[in-house]
There are 2 protein chains.
Amino acid sequence: MPRIVMKFGGTSVADLERIRHVASLVEAEAKAGNEVAVVVSAMSGETNRLVGLVDALDADLAPDGKRRDSAIEDEYDSIVASGEQVTSGLLAIALRRRGLRARSWLGWQIPLRTDMAHSKARIAEIESSAIGPSLKEGNVAVVAGFQGVNERGRISTLGRGGSDTSAVAIAVALKADRCDIYTDVDGIYTTDPRIEEDARRLNRIAFEEMLELASLGAKVLQTRSVELAMNNNLPIRVLTSMREVGEDNPGTLVCHEDETMEERVVSGVAYSRDEAQITLLRLADRPGMVAKVCKAMSDANVIVDMIVQGISRSDNAANLTFTVGKRDLDKALAALNASKETIGFEKIKSDSDVTKVSVVGIGMRSHTGVAQTMFEALAERNINVEVIATSEIKISVLIDAEYTELAVRALHSAFGLENA
Amino acid sequence: MPRIVMKFGGTSVADLERIRHVASLVEAEAKAGNEVAVVVSAMSGETNRLVGLVDALDADLAPDGKRRDSAIEDEYDSIVASGEQVTSGLLAIALRRRGLRARSWLGWQIPLRTDMAHSKARIAEIESSAIGPSLKEGNVAVVAGFQGVNERGRISTLGRGGSDTSAVAIAVALKADRCDIYTDVDGIYTTDPRIEEDARRLNRIAFEEMLELASLGAKVLQTRSVELAMNNNLPIRVLTSMREVGEDNPGTLVCHEDETMEERVVSGVAYSRDEAQITLLRLADRPGMVAKVCKAMSDANVIVDMIVQGISRSDNAANLTFTVGKRDLDKALAALNASKETIGFEKIKSDSDVTKVSVVGIGMRSHTGVAQTMFEALAERNINVEVIATSEIKISVLIDAEYTELAVRALHSAFGLENA
């Protein structure tokens, strides 16, 4: 019997009416002859309420947003995990009221074991010994997402949005045939439809492309959930929970590349406004200088993304430009100023009014000319490119934030995505 | 080092301000050199909110208030237990913010094992292997009350108000020296101060007396928690959570009888308005008739309390009068009418406008004349006694509800409780 995992986020289970609707979607899959495990988030707003209670007692956060006291992290996780505990119980009841056999599973009941990293624990192991047989006996398993149990027997949470990842991890452990992620959009689009009205829903997309899109700014799926699915060859389907049973709702299938996909050169255009650009001017010409900059950033817990070295035309000195997350900018600047002597530069310039725009496509592997098409399209609109970064299947450029929409539309059209 | 358990109900942890106050009370006990375990209820209103969510999905209750589907009971328990999960985490954080070492313990983490009776599970066993050493290491244990884990690994709850019982059970398992139950009154009174303004707080009361008072209508402590404490010789102190640290707050110590107590004949006057009276008129004079009535009630899940058999003066026929819980009255009448032939009676009379008033005192064992004093005091006020029930340490009478306050005041004064 095919086995699927269905995952519903907070807005899909926002109130009892939505929970009843989710029960109808689950029933349809069970009646269609699938073994079904469902992973649910907390009712929307509930996680914020619980975090608010903790913050009112303890707002003592380190600069990276983590709590300074790891014992308080333990309590935070235990408190916040109660949100999914409630939803999983309510959905199990709603399913039973429709005549299905269903039960809830909390992280510690599965058990879904995690490491000790608080509020962003990684999944170490899932024992499927209890939940698997329960599915085989015809029970729907309703799993509280977002939570596990660590080696000290405390509740751990997988971080905000971690329920995508726990859904995929459970699907992998259960050897499911597919993981369906229900959300408030009906699939993965060629670009953000709020910017480009001709954006199209993709029927299929390759894991690698989805991974690039997710890490380049597309917010539909968590990067970690895609990695996990790819490594285990588990197809993910992204679809909307807002349609009724029986309505057309194909969504987008994220899976290993196939022949259909290879005909496409570019699958999507992503953008991210979360970047900031830092330039170090007139660097001393010493070996290992880039390594020193990277070490300073890594010591300050700042991730460096794009990086480019150049020569200033005016005074023939070396400059180094790189990007960091916008919210890490102050921290990065402080660390660089503290290492000014060690690194050896004269001046820092920074700019947070920048956007990273990327084109992604698995077809770039076998097709040339993508870069040319991209830079021509941008040049035609007089959009200046500050930094460029490439991988086998994507090209990213950093541009002035003002040009974001213009660039996204120009690239969408240049690669013919409106009718691909 | 002395070890104590402190228990705080829903109003004591109603909001973050109250939780911070509870933390100050706990700190004072820890600083005074005690090992401290704290048992907490859900923030007041939270349990009702959670029950409301379940009821909105599933209001399919049997006449005894239990859910018809035991799998739904499983979910009910899991959902409702989240309330205490949140409070225990918040209090642990508030304690750490005061510089104490503290952690929360959920029912399944202790583990507090219960049997399978849903939403009124009884405690089968507590393993203190983890929590005891944690206390010894100087940690305050904050235990989520009201919850345990059953033999199938599901969360169970101990029923409304069950947190008193879980507090006492944990105190017993931890071999605590005392269990302090913090509530919104400052101790056990000789009677309800809302009725008799001269009611006095007792410094000490015997387990047996407290047990009678609790089952006779005094609502401060759960009967089961007193039984459990008595069987394990664990003193309970009842005191208020509304005073500041350092303020006088002696409360009432519930413990085995001692010499001080024996000087008192009567310790308190209790009343209960939750009774209903049923009279079966002109019973057939057959053997085993009372047994048949009791069987009919027991089959209908109705508990019979006081029972008296009499002869009607008018027609010389036998009557049987007994009391049941007011909310069971309709069920009891239906069951009796259905068994009219089997039992053999002519007519039923019922009255729910009755009150059970009781005097309780361990000194009654060694002093005669209590009944006389009681009935004289009632007769002087022209209060008619319908039914009488006695035990070694209590006398209860059923009277017309209109006379409740008058009877309570008359008895309080007749036994000199205002200055005992």
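Predicted model: local features only at pLDDT ≥ 70, side-chain atom pairs only at ≥ 80, totals over all residues.
**Figure 1. The interface of chain B and chain A.** In this view, 40 residues of chain B are in contact with 40 residues of chain A. The two chains bury about 3,500 Å² between them, and 62% of that area comes from carbon and sulfur atoms. On the side of chain B, the residues that lose the most area to chain A are B:L57, B:I93 and B:W108, which together account for 20% of what that side buries. The size of an interface is often given in this way, as the accessible area lost when the parts come together.

**Figure 2. Polar and charged pairs across the interface of chain B and chain A.** Six salt bridges are found across this interface. One of the salt bridges joins the side chains of B:E46 and A:R49, at 3.5 Å from N to O. Polar contact across the interface of chain B and chain A involves 14 residue pairs, with both residues at pLDDT 80 or more.

**Figure 3. Elements of chain B that touch chain A.** At least two residues of this side are supplied by each of α1 (16–31), α2 (46–57), α3 (70–80), α4 (82–97) and β3 (102–105) of chain B. The largest share belongs to α4(B), with ten residues. By residue class, the side of chain B that touches chain A has 22 nonpolar, seven polar and eleven charged residues.

**Figure 4. The axis relating chain B and chain A.** Chain B is superposed on chain A, with an RMSD of 0.1 Å, by a rotation of 180 degrees and a shift of 0.1 Å along the axis. This is the relation of a two-fold axis. The C-alpha of chain B nearest the axis belongs to B:S82, at 2.7 Å from it. Of the interface residues of chain B, 100% are also interface residues in chain A, so the copies meet through the same surface.

**Figure 5. An aromatic pair, A:F8 and A:Y182.** Over all chains, a search of the whole structure gives three aromatic pairs. For A:F8 and A:Y182, the ring centres are 4.5 Å apart and the planes are at 20 degrees, so the pair is stacked. A:F8 is in strand β1 (residues 3–8) of chain A and A:Y182 is in strand β9 (residues 178–183) of chain A, so placed that the pair links distant parts of the chain, 174 residues apart.

**Figure 6. A salt bridge within chain A, A:R152 to A:D74.** The whole structure holds 55 salt bridges over all chains. In this view the side chains of A:R152 and A:D74 meet at 3.2 Å, N to O.

Figure 7. Most residues other than glycine have a negative phi, and most peptide bonds are trans. A:R282, a residue other than glycine, has a positive phi, near 50 degrees.

How values were computed: Residues numbered from 1 in each chain as written. Chains lettered and ligands numbered in written order. Heavy atoms only, no water. Contact = heavy atoms within 4.5 Å. Buried area = accessible area lost by both parts, 1.4 Å probe. Salt bridge = Lys/Arg side-chain N within 4 Å of Asp/Glu carboxyl O. Polar contact = N/O pair within 3.5 Å; in protein donor to acceptor, adjacent residues only side chain to side chain. Helix = DSSP H or I, 4+ residues; strand = E, 2+ residues; numbered from the N terminus. Nonpolar A, V, L, I, M, F, W, Y, C, P; charged D, E, K, R; others polar. Least-squares fit on C-alpha atoms with pLDDT ≥ 70 in both. Phe/Tyr/Trp six-rings, centres within 6.5 Å; stacked < 30°, edge-to-face > 60°.
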